[in-house]
Amino acid sequence: MENREPNPSDCFSEHDLMKQYEQNNAINGYQKHILDRGRDLMRAYWLATKQADTALMLDVKKQIMKFNVAHRGIAIDAKVLRRSMKARHRARQKNQKGIRVTEILRDLT
């Protein structure tokens with residue numbers, strides 16, 4: 001492997017670097033927004049199910065369908081909803097007095 005001097009054309013200028021950071025931050029922000037929206041929809045469905053509110057469940061399902069059309073790559077299907085509901089149920093069983101405590105510290109409560 002040979003050592004070579006860095007070529008100035010290989011490096012970003014300060015302006016280009018700042019522009020790239022801004023683009024990366026915008027992409028990450030948009031990605032976080034989409035993932036948060038999907039998580040919020042699954043949470044809303046779980047709450048509607050927990051309250052046995054069929055009208056709310058139907059409304060959330062409609063919102064999920066719109067989400068799925070816009071974001072096919074991370075669509076929320078029945079399998080994803082079922083898995084989310086099971087995970088929430090397991091987490092709820094592990095809660096003590098409304099909070100989640102790590103197993104190591106459970107003896108303190």
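Let's start with a charged pair: Asp36 forms a salt bridge with Arg39, their closest N and O atoms being 3.1 Å apart (a salt bridge here is a side-chain nitrogen of Lys or Arg within 4 Å of a carboxyl oxygen of Asp or Glu). This is a predicted model, where local features need pLDDT of at least 70 and side-chain atom pairs pLDDT 80 or more, while totals for chains, interfaces and linings use all residues. Residues are numbered from 1 along each chain as its sequence is written, and side-chain values use heavy atoms, leaving out hydrogens and water.

Asp36 and Arg39 sit three residues apart in helix α1, so about one helical turn separates them (helices are DSSP runs of H or I, at least four residues, numbered from the N terminus). Arg39 also meets Asp40 in a salt bridge at 3.1 Å, N to O, and Asp40 pairs with Arg43 at 3.5 Å. Put together, Lys32, Asp36, Arg39, Asp40 and Arg43 are linked in a network of salt bridges. Arg39 is partly exposed, at 36% relative accessibility (buried is under 20% relative accessible area, exposed over 50%, partly exposed in between, with a 1.4 Å probe and protein chains only).

Now on to α2, residues 54-70. Val60, Ile64, Phe67 and Asn68 are buried there. They cover an arc of only 95° around the axis, so they share the same side of α2 (the arc is taken from the directions from the helix axis to the C-beta atoms). On the other side, the exposed residues include Leu58, Lys62 and Met65. What covers the buried residues includes α1 (14-50) and α3 (78-94), with contact meaning heavy atoms within 4.5 Å.

Note on methods
Helix = DSSP H or I, 4+ residues; strand = E, 2+ residues; numbered from the N terminus. Expected span 1.5 Å × (residues − 1).
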